[in-house]
Amino acid sequence: MVNVRFRTVAIALWCCLALSWSCSGDGGGLYVPGDLSVPDAVETDSVAVDIPEEMPDLSGVSLEEEEGLLVRIVGPHSDSSFTWSAGALEGSSPFVPLGVVVHGEYDSLYAMTDANDQVVPADPPAEGESAAWRSRQMKVTLKPPVLVGDGLFEAQATRVWIVAQKGEVKAWDSVVVVANPGFVMGKRPLKLLPDVVFAGDTSGVLFRFDLNNVENFDASQVFLMEADAECSKKVEGTARLMKDDGLIDESGDEIGADRVYSVRLHQAFEQPGIRLYRAAVTGAVAGKKLVAYSPCIALRVVKRADPLDCTVARSVLLDLRGEMDARLDAGWERTDVRKWGVLHLLEQKSVAEAGASEGEDLVWARFHTGMLGIATPSRYAGPASTVLFPDPAGSEPATTVLPRSRRVAAAFPEKDGAADAGKWPERLEGGKCPPFRQLGSKLRLSALRMIAEAGVVVMAGQGGRAFGGLSDEARKAYDSATLEFDAPIPAWTGWEHAGAQDVVELADPFQCDLLSTTYDSCIVKKDGTCVRSDNSPCPSYLECVLTHGGGAGVAKGVLFDRVQADLMSGRLALTVNGLAVTPSFLKHYAGGDVGPQVAMLGFSHSVTAGGGTMAAELLAAGANSVVGSLAEVSADDAVSATYELLGRLVEEKQAPAWLIPRVEAAFGDHDWRLAGAGNVAIHFPGLLNADFASGTLDGWEHTGDARVLESLCGIKPSGQFMGLLSSGLGFTVQTGRISQEFCLEVGKLVFEGWYDFISHEFEGGCGSAYSDTFRMYVEDDKGQKIHLARTEVADFIGVNALCPCDAGACPSCGQCGSAFCVCGELYHPDDGELLIPWPEECAFDPGDEDGAFESGWRHTGEIALTQLGQGGLNKPVRFVIEVSDQGSAGSTTTVLVDSLTFK
């Protein structure tokens, strides 16, 4: 019998969402908003909660059983579709080795394909083998290309399921693999921007197909087409020719002759759902021809969310929290509170379905609008957690793994118990080596979308499992591949697991009335400001997704509400105070093989059977080590534990295995465990990715037009990749810049590198004070710089330094060396250092009658850094490379850099 009739619950309204705008492009046409700032809390009136004296009948409410099995394909690529180049056109069937992670107990593990009902068994678990986080590799046969004409073959797609089974319980993951013998397309050759569109909007979608890895192909036969739900057949009438012509405002192609083909698709999609696309190219293989296909890529179409519907949903969750708090304080059992919460949600007109799991203080809802929501009691703190990390006996020695990035993404909540964690950015400062830095001033939602740029990720606070009992119909809306074996599609952009999903609440406040309701265009000006088509400022909580070039001093695009797109895609869920992240968010933004080195998941059951979906996505994204909890822990304890571990890993240069036992290890009541590699040390001090060998800008901070290429109009690097920066190429308005903090090492105080300067300003701009410039320098913490690309008269290389004496404003050699006419300082005809005419078909500024010229590869020479080294050893220095426009935004300068070496 409950004696409490009334209880007063203080309910705080959610705070306004305040963001700061940062127009720092990513070299791919996308401007992202800055970090979200947290406003002061808003005091509101109290609300009375009436608790009946009689306990309601809760016998009809069943809590969701926790799934004990989880399967995730993690290699050779973790995307839902990828290509494989092994095999031959005829004579034998190609095969692919699939790397798989299995979590939980199973009796059998096998593969199934849609080719001849093939079943491939894996090695059974060894006797006594732990059920936690085992990795397996399975060799799966793929469909070979088929002969479709005289010497012409066509690649085929094979659908594969990896299935783990324990009794009658099954769990699986699926993937579509395209066998392209002889065609090495790379990890993600086909990309699109944006990847979500709102139903009825007419904004264009830009597709890019990278063929740098393919040697012999027909440049006139590169097509984009829509594919069916199984990614095996073309939708008739959808083929579009892709071009590599540099006509960004026509074809959408940013750079001509860089072997990246583009097409812009203008289409208003009225119905929500998934549209699949793939690209095709015809090339020569072993004396025959093959029509090769890219992986399928998903374009999601979602309905816009009505801010009023969002407000109603948030009020339902807010009311539920107050009711659950009151019942816990009145002495109800936690299980009964969850059951009551499910009944309460199902009584709300806005709720389509609701549920709760056996072991979590969390109740979830799916609203009729398609939005998801979770509510947790605020009054229950959870059991105490072991937060000190002993050194387990016999820990394996650390092996230094070259970090992809020294940027730390630490998602600590800002509430009681997390005060120390809020000081984490301060602990990173102070000139320590290696120079780890926070990803953004605070990790907010916008920064979490940059998770692929982080070397260390921490997600700590309130979290748990939700949506385990979600209906099959709803799961299909979020692209779950795990409904039935004959499901038409894999999880293209959605949930990989059939059971409950891990969710983690973010620190972001969120206000429903900021959800955008209309389609609008935007312009980014030369000074970086963003305005609407009517010249009013762009709302700071929206992104300007650039779709048309910036060579004339402005770039045009469409305002995009990414929060809304993620919310309507099941990647985010509403909470009482803000938003929560689901595993599909990490899958979408982390990407395959580009994720963090070490990840820490500070919430209950984050690495246990029945949980682990967040950990699985991080491992699939490329994380070497994932640390999480085996038990139920309070948010405060979880924050304290991960905060302490983060300090030991980054500041004290320890390795996870020194601090955390493996998941399968017996270690008393220790709540924290390690999945993945334990011997990872991430304290390499030197320059990361100096030769761009990763094929990305891993390790580098970048703004404006900065990218990595394999070739440009026939120019090749010494290795496989080179860096490119420009003053206005493609979507960029004015500049390109990359920088990186690292620590100088004894014996590595000499720099050398190579550059190739290409510009449209040579003919008309020589002698001008406004010619584009290229700077490369190292700067210490005192502001002292050593310039690595300079002339005798300037600490930079500009157009004038390379101009012929008879060009532009310098009609004769006698004028060279005047105030503005320093023509030819690096132009030495007698030494063969002539400017090379740039091919017209590769022009950056089409229609420029003067054309462009390039310097050819130039060596910086060997430059001593001992001046910095004497006081800079064991202190971070910053290495900067930048190209900037000094005047006319209509004339583009591009610089290639290669073989950057500190020796």
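Is Cys 530 buried or exposed, and at what relative accessibility? In this predicted model, Cys 530 has a relative accessibility of 8% and therefore counts as buried, since the term applies to residues under 20%.

**Overall architecture**

The protein chain contains 13 helices and 58 strands. Of its 903 residues, 59% are buried. Among contacts with a separation of 6 or more, 74% are between residues 24 or more positions apart. The accessible surface of the chain amounts to about 33,900 Å², and carbon and sulfur atoms account for 49% of that area.

**Nonpolar cores**

The largest nonpolar core comprises 80 residues, and Trp 133 and Leu 574 have the most contacts inside it. Helix H1, which spans residues 307–329, supplies the largest share of this core, with nine residues. Leaving aside residues up to four places away in sequence, Leu 574 touches a set of residues that includes Cys 310, Ala 313, Arg 314 and Leu 317, as well as Met 371, Phe 510 and Leu 579. A second, separate core has 44 residues, among them Phe 757, Cys 766, Ile 797 and Phe 879.

**Disulfides**

A disulfide is a covalent bond between the sulfur atoms of two cysteines. The model has six disulfides, and the table presents three of them.

| Disulfide | S to S distance | Torsion about the S-S bond | Handedness |
|---|---|---|---|
| Cys 310 and Cys 512 | 2.1 Å | about -60° | left-handed |
| Cys 530 and Cys 538 | 2.1 Å | about -65° | left-handed |
| Cys 713 and Cys 842 | 1.9 Å | 75° | right-handed |

The link between Cys 310 and Cys 512 joins distant parts of the chain, 202 residues apart. Cys 310 belongs to helix H1, whereas Cys 512 lies in the loop between strand E34 (501–505) and strand E35 (521–524). Both of these cysteines are buried. Cys 310 is also one of the residues that Leu 574 touches.

Cys 530, the subject of the opening question, is bonded to Cys 538. Cys 538 has a relative accessibility of 13%, so this residue also counts as buried.

Cys 713 and Cys 842 are both buried.

**Aromatic rings**

A pair of aromatic rings is described by the distance of the centres and the angle of the planes. The model contains 16 aromatic pairs. In one of them, the ring centres of Phe 742 and Phe 902 are 4.9 Å apart and the planes meet at 55°, so the pair is tilted. Phe 742 lies in strand E48 (residues 735–743) and Phe 902 in strand E58 (residues 893–902), so this pair ties together parts 160 residues apart in sequence. Both Phe 742 and Phe 902 are buried. These two residues belong to one aromatic cluster together with Phe 692, Trp 700, Phe 751 and Phe 879.

Charged side chains lie over rings elsewhere in the model. Lys 139 is placed over the face of Phe 95, at 4.0 Å from the ring centre. The charged end of Arg 304 sits over the ring of Phe 198, at 4.2 Å from its centre.

How values were computed. Residues are numbered from 1 along each chain as its sequence is written. This is a predicted model: local features need pLDDT of at least 70, side-chain atom pairs count only at pLDDT 80 or more; totals for chains, interfaces and linings use all residues. Side-chain values use heavy atoms; hydrogens and water are left out. Helices (H or I, at least four residues) and strands (E, at least two) are DSSP runs, numbered from the N terminus. Buried means under 20% relative accessible area, exposed over 50%, partly exposed in between (1.4 Å probe, protein chains only). Contact means heavy atoms within 4.5 Å. Accessible areas come from the Shrake-Rupley method with a 1.4 Å probe; for residues, only the protein chains shown count as cover. Rings of Phe, Tyr and Trp (its six-membered ring) pair if their centres lie within 6.5 Å; planes under 30 degrees apart count as stacked, over 60 as edge-to-face and the rest as tilted. A charge sits over a ring if NZ of Lys or CZ of Arg is within 6 Å of the ring centre and within 35 degrees of the ring normal. A nonpolar core is a set of buried Ala, Val, Leu, Ile, Met, Phe, Trp, Tyr and Cys residues joined through side-chain atoms within 4.5 Å. A disulfide is a pair of cysteine sulfur atoms within 2.5 Å.
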